[in-house]
Amino acid sequence: MAEETMTAVQAEEVELTPDGEVVQQETDKYLIFLSGGIYYGVDTKYVKEMMIQSATSITWLPMLPPHIKGVINLRGGVVPIIDFRLLMGQMPEERFSTVILDMEGIQMGILVDEVDQTFDIEKKQILPVPYQSGMESQKMVTGMISLPGEHKTLMVLDCTQLIYGHQ
């Protein structure tokens, strides 16, 4: 009986074509991090590395917007660091982790409260974010999803907007 039940559960999770072939689900792996009590996800193809606070020595630069904390030296390269919390209209925290993103050779670090985990997400499960006028930071969030079994709602970030949209 248990074997029949297992087969039935598996059949519900698998999508079939009219010909009876299994449809491959398009998934992307996301790095999930916490910022201001909200879970965000960024596609792992853009994540170069993660650093803890003690490993991040940020050099402050004058005449920059408040959310740009400065730059770091990452193996001889200069990488700008953005406080993601300030960028999203949240209060800054003393403790942070740094996520280094790389998009087509352009690197940028974001300060987040903590890195949570990676998660495979089916593209078709990502829902659009309801529009709110006056929310400039909302342009960086392209979708949202409830993570199964996690009781978490994840905001999906658009790295293009994150890197180029705030300038």
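**Close-up views of a predicted model**

**View 1. Strands β1 and β2 pair in the antiparallel sense.** Six bridges join strand β1, residues 27-35, to strand β2, residues 38-43. This is a predicted model.

**View 2. Five strands make an open sheet.** The order is β8-β1-β2-β10-β9. Pairing in this sheet is mixed. Strands β8 (114-122) and β9 (141-147) stand at the edges. Each of these two has a single partner strand, so one side of each lacks a neighbour in the sheet. From one strand to the next, the twist averages 35°.

**View 3. Met-63 sits in a loop with a positive phi.** The loop runs between β3 (47-52) and β4 (68-74). Phi at Met-63 is about 60°, although Met-63 is not a glycine. Most residues other than glycine have a negative phi. Is Met-63 buried or exposed? Its relative accessibility is 81%, so Met-63 counts as exposed; the cut-off for exposed is over 50%.

**View 4. Arg-75 also has a positive phi.** Here the value is about 50°, and Arg-75 is not a glycine. Where does Arg-75 lie? Arg-75 is in the loop between β4 and β5 (77-83). With a relative accessible area of 63%, Arg-75 is exposed.

Terms used. Residues numbered from 1 in each chain as written. Predicted model: local features only at pLDDT ≥ 70, side-chain atom pairs only at ≥ 80, totals over all residues. Heavy atoms only, no water. Pairing = 2+ DSSP bridges. Helix = DSSP H or I, 4+ residues; strand = E, 2+ residues; numbered from the N terminus. Axes fitted to C-alpha atoms, helices over the stretch in contact; angles between N-to-C directions. Buried < 20%, exposed > 50% of the residue type's maximum accessible area, 1.4 Å probe, protein only.
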